[in-house]
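The structure comes up first.

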Amino acid sequence: MALTLKATCFMQLKKKSQENLLLPPISQRFTTSIKTFKPPMATLSSVSTVGLSETFTRLKRQGKVAFIPYITAGDPDLSTTAEALKVLDSCGSDIIELGVPYSDPLADGPVIQAAATRALARGANFNKIILMLKEVVPQLSCPIALFSYYNPILKHGVEKFMSTVKNVGVHGLVVPDVPLEETEILRKEAVKKKIELVLLTTPTTPTNRMKAIVEASEGYVYLVSSVGVTGTRGFVSERVQTLLQDIKEATSKPVAVGFGISKPEHVKQLTEWGADGVIVGSAIVKLLGEAKSPEEGLKELEIFTKSLISALP
Amino acid sequence: MACNLQTVFIPRGKLLAPTETMFSRRSIGFGLQSPAESIAAWSASVVCAVASHETMTRGAPVVGLDTLINTRRSPPLHERTEKGKEVSTGKFGRFGGKYVPETLMTCLSELEVEFNLVLHDAKFQAELATALKDYVGRETPLYFAQRLTNHYRNSNGVGPEIYLKREDLNHGGAHKINNAIAQAMLAKRIGRKSIVAATGAGQHGVATAAACAKLGLECTIFMGSLDMERQSSNVILMKHLGAQVKSVDGNFKDANSEAIRDWVGNLETSYYLSGTAVGPHPCPSMVREFQSVIGRETRKQAMEKWGGKPDVLVACVGSGSNALGLFHEFLRDEDVRMIGVEAAGLGLDSGRHSATLARGEVGVYHGAMSYLLQDEEGQIIGPHSIGVGLEYPGVSPELSFLKDTKRAEFYTVTDQEAIDAFQRVCRLEGIFPALEASHALAFLEKLCPNLPNGTKVVVNCSGRGDKDAATVFKYIQEQDSQMD
């Protein structure tokens, strides 16, 4: 897919930040994105070598909470995804979750389902996503965690999948439909390739099981905030506070909360309750996917992302 | 009465593994064996696969056949839920399992515990027996199809004897009610007020709606928009029975995904009533267990009729509920041959079929590892069949296991052949089978010429064909106009 997106609609302030890749200032960072522009970063050893855990370690030292947006690759198209990744990165995201579109996403609500359908209809597939990442990841300062359902991983072969994604610089993986009992194969291959396999725990997970999950999870622990599928919700349930406490008693690993988070108020609330990271998916996906044009979408994405990040310490 | 649900059989025959990573420590496979050997070995080594982290390293113990029979009512190996109850991992060899979002896991374990409880609960079983008899209309006849038998006699006047297990005579018109009424009773027992289900052809939807009406439960049925058009009479019936019918873009696979999502969001209040032997454990086992009344009756009736067992069992395979219902009782009878017939649609090479076991590859879908129709990206392919109830890209993990262990054989039949069978059975026996069951009946054309004289063949007539009368009529009309 050609990178045809013109970057005329959003701000283009070129700054020296491109050289300070390893420790990007959280406050204003802007990048220029023109389709034929080969960023000078390519000549630096600029592939983000910092993984998920290390990112959290750094943030904790700085007293900060991670902002983790999620977008579906290929919605509305892969070139917009490439730009969106850069926008999210430049706005100050700490980790980006990138969803691999799947025909039957059981854990996803209507917004992300629709995004997957659109992406698949536009011809997004694993190889194209990998090619896109190969180009874009060197330009990013924050690590990428892929979000994929299990069947496509199995189809490609777990080992091959892990090698391929590692080669393009992906640091982490989230697979929502594999329970702890079945993660052995994934974990074995992930460890070999130094990919951090993030596991999910939920409000329905009993304490003993939660402990086993957090023990096995790498990168961070994904706390699902509510009983249900992805999708924006009006408020964050108070249960999340208790769940966060329980998890923190069981582990010192960072905990990021996701599902339903869509407003600065939610982000603030979660920070107060002790979350180490907040994951925002459907709200962002909706923006991008339903915008009048990709350019509009990217512009709104930037504004929205900043509003959420500003609610973080 | 109950079969041991937690018993998981691992054969000492060859396991086919498309990728190396499929071959977990729990699977054992050394070299090819004949079917008889496989069954013997398989009966003799009953292994419960336990996948909890600690026990995986210890491996799984082997239990002999005696132990199997004696411990039919309790699981040999188990994990423990939070409350210390025993549950199993629901694996059939490498197939099955629970590949669902974490949110569902505890619910599934609890469901399994409840399920085990009802299997051993005499009161529940008595109530279920009454419901099956007085409400569903069981026992269904094992009907000797004289004219079909004559039809398959060769020029020397020899041929097999064809019996039809008349699941079409159940209340609602199909075998689906056997499972729906049992699970609805289970749901009520555990205090759920509302049922959610997905349906393809509408038979499971009708059965569930009927059971809910009888038990005073709220009912929501998800149905694919394409299916709603094709089986509209069932939609109207569901509504009359008090169900809310929600349309989902696509067909059964999409409706099922949506039903599961709905379930995830309403775990505490609603009960997902699976209609077929797919999904995360314990769903496939539950459905198979409640459908296995078909096989149990068949054994008894065969004994009464001819003092023996059936020689060949034939059933259509969409996802596997009616096939497993008939087969399960006879799994350990080495002399009973089992044949599943899938939908070849417009032909296996056309790409428009639903022949999962014939053309699928192993993957994870709707919560279970099983054969499924997928493309090179691992995306799920939408299937086709004129038998709407056969249109499903996945298949029961237990059937996948039976295929791999060669305990059952699987073949396919095209839309055209099914239509021909529908007409044949109408004319020869005055019975109008559902198009799904017509696939099983169509296979007799290929099967019977090769069977010795007097072979007793039992075909599961899994549903009746009122709902398909218009479809068949239209199909024939279109054919005739094409020929003109």
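## A salt bridge to start with

Glu361(B) and Lys155(A) form a salt bridge, with the closest N and O atoms 2.4 Å apart. The term covers a side-chain nitrogen of Lys or Arg within 4 Å of a carboxyl oxygen of Asp or Glu. Between chain A and chain B the count is four salt bridges.

A quick note on ground rules: this is a predicted model, where local features need pLDDT of at least 70 and side-chain atom pairs count only at pLDDT 80 or more, while totals for chains, interfaces and linings use all residues. Residues are numbered from 1 along each chain as its sequence is written, chains are lettered from A and ligands numbered from 1 in the order in which they are written, and side-chain values use heavy atoms, leaving out hydrogens and water.

## The interface

Contact here means heavy atoms within 4.5 Å, and on that rule 41 residues of chain A touch 43 residues of chain B. Together the two chains bury about 3500 Å², with 51% of it on carbon and sulfur atoms; that is the accessible area (1.4 Å probe) lost on putting the two parts together, summed over both. Asp104(A), Leu106(A) and Lys155(A) supply 20% of what chain A buries against chain B, more than any other three residues.

There are also 21 residue pairs in polar contact across this interface, both partners at pLDDT 80 or more. A polar contact is a pair of N or O atoms within 3.5 Å; within protein, one must be able to donate a hydrogen and the other to accept it, and sequence neighbours count only if both atoms are side-chain atoms. On chain A's side, H5(A) gives the largest share, six residues. Helices (H or I, at least four residues) and strands (E, at least two) are DSSP runs, numbered from the N terminus.

## Ring pairs

Searching the whole structure turns up 14 aromatic pairs over all chains. Rings of Phe, Tyr and Trp (its six-membered ring) pair if their centres lie within 6.5 Å; planes under 30 degrees apart are stacked, over 60 edge-to-face, and the rest tilted. Tyr70(A) and Phe147(A) are edge-to-face, at 5.4 Å centre to centre and 80 degrees between the planes. This pair links strand E1 to strand E3 of chain A, 77 residues apart.

Over in chain B, Phe144(B) and Tyr163(B) make a tilted pair, 5.1 Å centre to centre with 45 degrees between the planes. Phe144(B), Tyr163(B) and Trp306(B) form one aromatic cluster.
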